[in-house]
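Look over the sequence and the model, then work through the questions below.

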Amino acid sequence: MKIRIIMLALLLLATACASKPVKPPEESRVIPSDAQYYFMLGYDADISHRWEDAIGHYRRALALDPKSRFLKVRISHVLHRKGDTAEGLAMIEELLRESPDYVPALALAGEMYNSQGRIGDAIRVYEKITVTEPDNDNASLFLGILHYYNNDHDKAVAVLERLVSRSPDMFVAYDYLGAVYIDKRDYGKARHYLQNALEIYPDSDAAYYKLGVIGEITDELETAEKNYQKALSINPHHTKARERLAQVYIKQKTSSRAIEELKSLSLQQPDNIDVHMRLGMLYFEEGAFDQALAEFRFARDARPQNASVRYYLSLVLEEMGRFDEAVSELNSVITLDPKNVNAFLHLAYIYSKLKRNEDAIAAYQKVLSFEQGNPEVYLYLSVAYMNGKEYEKAQEVLRDAVARFRDKAPLHFNLAVALDKSGQFEEMVHHLRKAIEIDPKYADALNYLGYSYADRNMNLDESEALINRALAVKPDNGFIIDSLGWVYYRKGKYKEAIEYLKKALDIVKDDPVILEHLGDAYHADGQPSKALDSWDRAVLFHEKEEGLRERVEKKIRELRQQTDSK
């Protein structure tokens with residue numbers, strides 16, 4: 001992870017060196033008094049940031065003292081500061097052709113090359129300075145920093161470690177060595193140098209920040225938290241530290257603390273949309289949908305063309321049951337990003353919730369028009385068809401999917417269900433066995449095949465074995481327990497059947513099929529009153545199972561007739 005220290009520090013140091021009110025270094029020459037006068041006027045304008053006046057006075061001084069290298073550097077420096085870097089650099093480069101070892105000109109050239117992103121040229125001139133003046137600490141510091149930004153970590157280390165060995169109080173050098181070693185993933189040395197930096201300057205929020213990053217990278221989250229907090233205690237406006245502290249809290253699963261940090265960051269940077277997005281997502285995860293809605297709406301209003309913002313907003317609206325608004329946002333997402341699979345899938349899901357089955361089918365079909373590589377889309381479309389009782393279309397979709405993704409057990413399972421709905425028993429069994437072959441622990445397929453056999457009163461031993469395998473995977477699944485009870489019923493083990501069916505009903509309360517099965521078992525066990533009670537309850541919830549009401553009411557009538565005749 002690249003930890004960047006703002007280059008402004010380097011530029012300020014370079015500027016400070018270039019703008020010291022030093023006496024012109026041409027001591028061996030007689031400097032005209034008028035030139036000195038205009039130099040002082042220029043310097044006064046320079047430190048007051050009156051660039052045009054400064055250049056005018058410096059040029060008058062240079063006209064009176066045309067051999068002054070110092071004045072040429074001053075003029076170039078002011079041109080650079082007022083934004084005319086190209087003109088200033090041209091003057092410096094001409095001076096260096098005349099005096100290639102003149103260190104002030106080299107230093108300014110390095111600064112200007114760096115400002116233009118010409119890192120290689122800047123490195124070249126600072127290397128020359130360090131050869132000319134081996135003890136020039138500033139030049140060595142800049143050279144090490146430039147190697148760092150040029151991703152030449154070994155050279156950066158070599159330069160900076162030589163520097164701190166001869167000048168052990170160079171805080172910035174230690175700080176950069178810490179950054180370099182973080183990039184090199186040598187976190188022990190990085191910590192060592194950052195601690196050295198803090199011994200020199202205990203109030204360095206930058207050093208504490210980088211120590212926090214090391215703690216985060218190495219999963220020492222409490223250490224990371226402590227160092228980020230220290231950085232913020234020194235500099236409450238250190239936004240990166242606050243952002244990363246929030247991330248640490250998320251990793252620690254203390255979302256409330258992460259929210260507080262991001263709220264503080266939002267107050268400092270009210271127009272930072274990314275912060276609002278992160279807050280929205282945290283509120284969403286916490287189930288605080290009103291707050292999430294407010295954050296995402298703020299982000300949407302600021303970035304109306306951002307599909308991601310609208311997508312997250314739609315998720316919140318969906319969770320709040322505000323489906324029409326969610327649909328509107330999802331349609332906006334699709335307008336902005338016509339191949340956004342997730343937007344289509346959520347749109348289809350909402351249509352299904354709203355009983356708009358044809359719209360859901362159209363959404364899934366649209367996805368398949370540009371994305372055929374996602375097997376789940378075929379599953380969703382097949383389910384939509386089955387919800388509309390279009391079993392042949394569901395089978396068509398799933399046959400296509402099975403041909404594309406032969407090793408996907410859920411596709412075979414769902415195809416088996418669709419086949420079962422249209423009475424194609426043999427082919428149903430084939431695909432259930434295929435699903436189990438692909439995934440021997442596929443509990444739903446094991447249960448479905450076992451129950452299908454039991455329901456048809458066939459292969460009862462295999463049926464029991466299949467259902468027990470399913471229960472080993474999902475021991476608390478009420479529907480699988482019901483299947484086992486139904487096998488015992490088919491085997492004439494009515495006491496065992498009643499035991500398991502009652503257990504299933506404790507888990508899946510008020511399920512009409514389980515109630516029907518329990519009534520059947522009571523009836524077979526010679527307990528007619530309990531059978532009638534279970535069947536009567538099954539009828540109360542008949543809307544959950546198509547065709548159940550007529551079937552069960554017939555059983556009730558027949559049993560009551562038998563009871564009355566006695």
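A helix here is a DSSP run of H or I with at least four residues, a strand is a run of E with at least two, and both are numbered from the N terminus. The model is predicted, so local features need pLDDT of at least 70 and side-chain atom pairs pLDDT 80 or more, while totals for chains, interfaces and linings use all residues. Residues are numbered from 1 along each chain as its sequence is written, and side-chain values use heavy atoms, without hydrogens and water.

Q: In which loop does arginine 185 lie?
A: Arginine 185 is not a glycine, yet its phi is positive, about 60 degrees. Most residues other than glycine have a negative phi. Arginine 185 lies in the loop between helix 10 and helix 11 (187–200).

Q: Is arginine 185 buried or exposed?
A: The relative accessible area of arginine 185 is 63%. Buried means under 20%, exposed over 50% and partly exposed in between (1.4 Å probe, protein chains only). Arginine 185 is therefore exposed.

Q: What is the relative accessibility of lysine 253?
A: Lysine 253 sits in the loop between helix 14 (239–251) and helix 15 (255–268). Its phi is positive, near 60 degrees. Lysine 253 counts as exposed because its relative accessibility is 74%.

Q: How are helix 30 and helix 31 oriented to each other?
A: The axes of helix 30 (residues 512–524) and helix 31 (residues 528–540) come within 8 Å and cross at roughly 165 degrees. Axes are lines fitted to C-alpha atoms, for helices over the stretch in contact, with angles from 0 to 180 degrees between N-to-C directions. Under 35 degrees counts as roughly parallel, over 145 as roughly antiparallel, 65 to 115 as roughly perpendicular and the rest as oblique. Helix 30 and helix 31 are therefore roughly antiparallel.

Q: Which residues of helix 8 make the contact with helix 7?
A: Contact means heavy atoms within 4.5 Å. Helix 7 contributes Ile119, Ala122, Ile123, Tyr126, Glu127, Ile129 and Thr130. From helix 8 come Ala139, Ser140, Phe142, Leu143, Leu146 and His147.
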